[in-house]
Amino acid sequence: LSLCLCLSLSLFLSLCLSLCDSLGIVTWHIYSHLDGKQVVPIEEGVARIAAAVAARNAHAPDLLICARTDARSVTGLDDALERCSLYIEAGADVIFPEGLLTAEEFKIVANILKSTQPQPSSGTPATSTMPSCSPPFLLANMTEFGKSPALHEDELFEMGYSIVIYPVTPLRAALNATCHLYGQLQQYKTSGHPKVLSTLMPRKEMYDLYNYAPSSNSTSNTSQAFEQAWCYPSGTWEPPLGKNDDLQ
């Protein structure tokens, strides 16, 4: 049974990573979530990461494997640290210790994990074109209303974290704006009211955001512009600055 499960996991990971590579996905994030969770035995977690790394090396050498552990809130900080260290040794490129409770815990985790290195045989292949900075990269989750304190990026970078994410911030802002919008529509009975229009992204800004040229008759040109603007690693994106007067 164990052999069948290992074979199935390896095949599953190989198929997933091949698909990720073909789609241009550059990081794969393995994790669990929410209160009341359980964590798998350390050995099983390490086996999953090792299988993902082996599949990555075989099929998608530029893919980053991000290993997350929620063990802090289940089995404690020491167990979370042990898991993170073993995930690094198994070849994970990014470590995500979720649910740290204090700034001091963030610092402790960074100090311990920065000295842990991946095994030479399981790390990123030499043929990879990833940046010259070396894994493991540490990730800090700065979601609002959670268990972790809201720390400044500069403080986290100084501790040794390379990545800071705000995974639910845009969603919360969008939901708040949407609720406000429906209240306005209920009050004014039209989306053409100036107070409603002033909260909306104008058409030109929306088109500029994803490089859509409505005057172009070529779908391929639009698709090509979209890819050039958004695809990793050469593409860049800048948020729109200022407000456009075009409220059509």
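Q: In this predicted model, which residue lies over the face of F96?
A: A charge counts as sitting over a ring if CZ of Arg is within 6 Å of the ring centre and within 35 degrees of the ring normal. In the predicted model, the residue over the face of F96 is R68, at 4.7 Å from the ring centre.

Q: How many aromatic pairs does the structure hold?
A: A pair of aromatic rings is described by the distance of the centres and the angle of the planes. The structure holds three aromatic pairs. In one of them, the ring centres of F106 and Y161 are 5.7 Å apart and the planes stand at 65 degrees, so this pair is edge-to-face.

Q: Where in the chain are F106 and Y161 found?
A: F106 belongs to helix α4 (residues 103-113), while Y161 is in the loop between α5 (153-159) and β5 (163-165).

Q: Are F106 and Y161 buried or exposed?
A: Residues under 20% relative accessible area are called buried. Both F106 and Y161 are buried.

Q: What is the arrangement of the rings of Y207 and Y212?
A: Y207 and Y212 form an edge-to-face aromatic pair, with 4.8 Å from centre to centre and 80 degrees between the planes. Together with Y210, these residues form one aromatic cluster. Y212 has a relative accessible area of 32% and is therefore partly exposed.

Q: How may the packing of helix α2 against helix α3 be read, and at what angle do the axes cross?
A: The reading begins with the two axes. Those of α2 (residues 42-59) and α3 (residues 77-89) come within 9 Å and cross at roughly 30 degrees. Angles under 35 degrees count as roughly parallel, and α2 is therefore roughly parallel to α3. The crossing is right-handed.

Q: Which residues of α2 and α3 meet?
A: From α2, the residues are I42, G45, V46 and I49. Their partners in α3 are D79, E82, R83, L86 and Y87.

Q: Which value does phi of F145 take, and where is F145 found?
A: Phi of F145 is near 65 degrees, a positive value in a residue other than glycine. F145 is in the loop between β4 (137-141) and α5. Its relative accessibility is 76%, so F145 counts as exposed.

Q: What is phi of N211, and where is its place?
A: N211, although not a glycine, has a positive phi of about 55 degrees. N211 lies in the loop between α8 (203-209) and α9 (219-230). The relative accessibility of N211 is 35%, so this residue counts as partly exposed.

Conventions
Residues are numbered from 1 along each chain as its sequence is written. This is a predicted model: local features need pLDDT of at least 70, side-chain atom pairs count only at pLDDT 80 or more; totals for chains, interfaces and linings use all residues. Side-chain values use heavy atoms; hydrogens and water are left out. Rings of Phe, Tyr and Trp (its six-membered ring) pair if their centres lie within 6.5 Å; planes under 30 degrees apart count as stacked, over 60 as edge-to-face and the rest as tilted. Helices (H or I, at least four residues) and strands (E, at least two) are DSSP runs, numbered from the N terminus. Buried means under 20% relative accessible area, exposed over 50%, partly exposed in between (1.4 Å probe, protein chains only). Axes are lines fitted to C-alpha atoms, for helices over the stretch in contact, and angles run from 0 to 180 degrees between N-to-C directions. Angles under 35 degrees count as roughly parallel, over 145 as roughly antiparallel, 65 to 115 as roughly perpendicular and the rest as oblique. A crossing is left-handed if the near helix is turned anticlockwise from the far one by less than a right angle, and right-handed if clockwise. Contact means heavy atoms within 4.5 Å.
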